[in-house]
Amino acid sequence: MKFKKIDFTDFVVKGTEWFSSLALLNLCWLLFSLPLVTLIPATDAVFTVIYEWEQVGRPAQVFQSFKEAFKAHFKRSFKFGLPLLVILIVVTVDIYYLNQVTLNAAWFQIVKYAFYTFTFLLTMAILYAYPLTKQTGEDHIRVFVLGLLMAVGHPLITLGVIGSLIVFVIIFSLWPGMLFFFGLTAIAWLMTKAVANIMKKART
């Protein structure tokens, strides 16, 4: 049995290229999100660019790619992103008030943890749905539902995603400055990879 040799030099070069490109892309996202009203199209542009990089196998022209994606999908991005943003804000406010209540009644604890479960599933569905819009070219609510089905239907990949997110949280907690370079792009890259793996399995 022959083993394929690994070119460590090529591996390091590609890893460095991706690492630096994701950092620059995150800075572009921060810059274009400064007015806040452009947060949604800037976020959409990040997922678009990373998907395009995955298609060609390597990152290229960070700022130019981001700017083109930002302009091309500016209006369309609100159709999918704005409802999700509103839902996230409502859910965050609800969680805040639930945590302020000190009621120990059994029914309240059931409702509380049921809502936590709902929030977890909602978060996973959104994480899967965003890269799915790039894979399918659709931005309707059915993509969100498909994202939820992916999260539930592929538990091993979802567990891997959760584990990776926990690692990200630990890294960002230890080195908060990393958030400026990988706060969104690390998550976008992770979810793009996860969705790509699921789509690949579905085709075979």
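Predicted model: local features only at pLDDT ≥ 70, side-chain atom pairs only at ≥ 80, totals over all residues.
I began with Lys193, which is partly exposed because its relative accessibility is 32% (buried is under 20% relative accessible area, exposed over 50%, partly exposed in between, with a 1.4 Å probe and protein chains only).

Residues are numbered from 1 along each chain as its sequence is written, and side-chain values use heavy atoms, leaving out hydrogens and water.

Next I looked up salt bridges (a side-chain nitrogen of Lys or Arg within 4 Å of a carboxyl oxygen of Asp or Glu). Side chains of opposite charge can pair when their charged atoms come close. How many salt bridges does the structure hold? I found 2.

One joins Lys193 to Glu54, at 3.4 Å from N to O. Lys193 sits in helix H9 (residues 185-203) and Glu54 in helix H2, so this pair ties together parts 139 residues apart in sequence (helices are DSSP runs of H or I, at least four residues, numbered from the N terminus). Glu54 is partly exposed too, at 21%.

Then I checked the salt bridge between Lys134 and Asp44, 2.7 Å from N to O. Lys134 is in helix H5 and Asp44 in helix H2 (residues 39-56), so the pair links parts that are 90 residues apart in sequence. Are these two buried or exposed? Both Lys134 and Asp44 are buried, and Lys134 has a relative accessible area of 15%.

Last, I listed what Lys134 contacts (heavy atoms within 4.5 Å). Leaving aside neighbours within four places in sequence, Lys134 touches Asp44, Phe47, Thr48 and Tyr51.

Conventions:
Helix = DSSP H or I, 4+ residues; strand = E, 2+ residues; numbered from the N terminus.
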